[in-house]
Every structure is written in structure tokens, then in C-alpha cells.
Amino acid sequence: MRSAIRRWFAVIRTTALEMSSEPLALMLTLGAVVTVSVTSSLHFHQFGEPSRMSRDAGLSAMLVFGIFYAVFCTIKVFRREIESGTLQMALSHPISRQGFFFSKVMGAMLSYLVFAATVFAVTITTVIGSEVGALIALRKGDIPLVWSTCIWLDAAVVLIPLVMGALLDRFAHCRFTTSATWTAVVSAGAALIIAAFTARSFCAAEFPELDFGILDTAKRLVPAAVTLVLPMPVFVLAAAAFSVRFKDNAAAALSGLVALAALPMLSNYYLSDALAKRGTVPWTHVAVAAAATVPFLVAFALTGYLFFRDRDVG
């Protein structure tokens, strides 16, 4: 049993690394970061609260870019496994087909979670910048702006991974996309930490009469971000199931149809309006939303299992 668990974990780890090495994964990650940074930096009205544009841009990027990440990166990983012949080699080891399939699905989902955490960290960074910028603008009487410190931090999350990826590719012979993707993850976390401490120090010096609650802001957004993550395993499972049976284009088209069919229901997972005016998303709603995904998870898990069980791998 222990050896089987080790093999499953090896497949999960390998799949997550393979997915992070996809050029598309890097493009979607940096594209989401740029979307959050630019959209929030161009706002000229607070819409009743200073961080609304930043928050909405972050949650929207997590949803839209996340669907593309979950679907197309999963298809690429599964189709490469099949077309390169490594699937036959993998199944020649003492690992069951269902164990191999679901381990790869878990690895793909792990890679998506890293993507979501990166975008969420940048979102919180930009939200902090919006709130501090609004305080500065209020004192100066200017149009509400994003604090320039956070703009530079967001820019660093885009530029540093590209530079590090190029340097490691040139001098350490590391794959550019893998190095850049994981550098983006580290950079996003570092940017959030720097923004939090710098904003607290800045506000303590410039606005001592105010209690700038950075941690409270982050806590309010966590349930909404978790809710957005809940439907993504459905898309990962659907993409994996279709990749086993169909070619790239057909698998992408069928997965796209699943995403389109799910759009009316995704309003129950995209809860930006619930956060307006310092609102929050109750964890009971998160639990109900999680329960609502279970039938779809079971359906696509069963579909993937049947497709993979009947596939001829040579």
C-alpha cells in the first residue's frame, strides 16, 4: 500500500511540474497578473469603495484565466502523455489505470491551485494599494489612485520571472517556462508581504488616526476566492476525460462546451457583489457551493474512468 501511495504522489508531483512548464501556463499566469494590475490602476472612480476595481479585477482574473488554465493546460498535459508514448511506459509499472488517471488529475489541480494562489496574492497586493491610494488622494484632493508602491510590486511580479527565467535558462540550463512560472509564484508572495508591511508602516506614519486593517481585508476576500476555486476541479476532470478519448481540438471544443454550459451557474461562485461595502461571503455559502459541485465531479470522474479504462495504450 505504501509503495502504491508513493507512486501516486510521484505522478501528482510530476504532473504539477509538467503543467507549470507549459508556456501557456506562464502566459495565463502573467496575463492574469497584468490584468489585475492594469485594470485597477486605470480606475477613475471608487464606485463607493476604494478597492472595488482591484477586487473585481482579481476575482474576474481568477475565474476567466482560471477556466482557461484548468481546461487547456490539462489537455496539453494529458495529450502529451498519450501522444509521446510515455503513457504505455507509465502503465507498465505496478500502478492501476484509475490510480494513474486520478493522480494526474490531482497533479493538474495542484498546479491550478498554485496559479490561483499567485493571482490571489497579487489581488490582495493591489487591494492594499487601492486603499492606501484612496487615503492619499483624499488628503490631497486628487482622483483616487492606486498607491505607486503596489504598482511597482505588481510590475515586479511580471518582470522578475521573465528575467530570472532567461538567466536560469542561459547559465543553469533550467527550462525557461518552469523557472519563470515558479519565480512568479515566489514573487507574488513576496510582493504581498512587502506591500502589507510597507503599507502598515506608511499608514502609521501618515495616518496615525486611522486603523488600517490589512488582515481584515484579506480575510474578507478568502471565502470569495475559495468559492471561485470550487468549480475548477469539474473543468479539470472534464478536460482530462475528453483528452483520454479525443484529439486536442475535439477535447478543447467539448471542454469549452462544458464551460459555456456552466456559465449561468457560475454566478453562484463569482460573489464580488457580496463583498461590496465591507461585506463578506459566509462559509455556509461556501459549503453549499462545494456540495453543488459534487454531482458534476462524480459524473466527469466516472466519464474519465470509463474512457481511460477502455483506451488501448498499445
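Tutor: First, the ground rules. This is a predicted model, with local features needing pLDDT of at least 70 and side-chain atom pairs counting only at pLDDT 80 or more, while totals for chains, interfaces and linings use all residues. Residues are numbered from 1 along each chain as its sequence is written, and side-chain values use heavy atoms, with hydrogens and water left out.

Student: What makes Ser 255 buried or exposed?

Tutor: Buried means under 20% relative accessible area, exposed over 50%, and partly exposed in between, with a 1.4 Å probe and protein chains only. Ser 255 has a relative accessible area of 2%, so it is buried. Ser 255 sits in helix α10. Helices are DSSP runs of H or I with at least four residues, strands are runs of E with at least two, and both are numbered from the N terminus.

Student: Which residues does Ser 255 contact, beyond its neighbours within four places in sequence?

Tutor: Contact means heavy atoms within 4.5 Å. With those neighbours set aside, Ser 255 touches Val 71, Ile 75, Ala 238, Ala 239 and Phe 242. The buried residues of α10 as a group pack against α3 (52–83), α9 and α11.

Student: Why is Leu 297 called partly exposed?

Tutor: Its relative accessible area is 23%, so Leu 297 is partly exposed. Leu 297 belongs to α11.

Student: How do you know that the length of α6 agrees with its number of residues?

Tutor: The expected span is 1.5 Å times one less than the number of residues. Helix α6 (residues 148–171) has 24 residues and should span 34 Å; its end C-alpha atoms are 33 Å apart, so the two agree.

Student: What is the kink in α6, and where is it centred?

Tutor: The bend at a residue is the angle between axes fitted to the seven residues ending there and the seven starting there. In α6 the kink is about 30 degrees and is centred on Ala 156. Buried residues of α6 include Asp 154 and Val 157. The buried residues of α6 pack against α2 (23–41), α5 (97–140) and α7 (176–206).

Student: What makes a space a pocket or a cavity?

Tutor: On a 1 Å grid over the protein atoms alone, a cavity is a set of points where a 1.4 Å probe fits but cannot get out. A pocket is an open set with protein on both sides within 12 Å along at least five of seven lines. Lining residues have an atom within 4 Å of a point. Grid points join across faces, edges and corners, and a volume is the space filled by probe spheres set on the points. The largest pocket holds about 240 Å³. Among its 14 lining residues, those closest to the centre are Pro 231, Val 234, Ala 262, Met 265 and Phe 296. Helix α10 supplies the largest share of that lining, five residues.

Student: How many cavities of 30 Å³ or more are there?

Tutor: One is found in the whole structure. The largest cavity holds about 50 Å³. Helix α5 gives the most to its lining, with four residues.

Student: How do the residues lining the largest cavity divide?

Tutor: Ala, Val, Leu, Ile, Met, Phe, Trp, Tyr, Cys and Pro count as nonpolar, Asp, Glu, Lys and Arg as charged, and the others, Gly among them, as polar. The cavity lining has five nonpolar, five polar and no charged residues. The lining of the largest pocket has 12 nonpolar, two polar and no charged.
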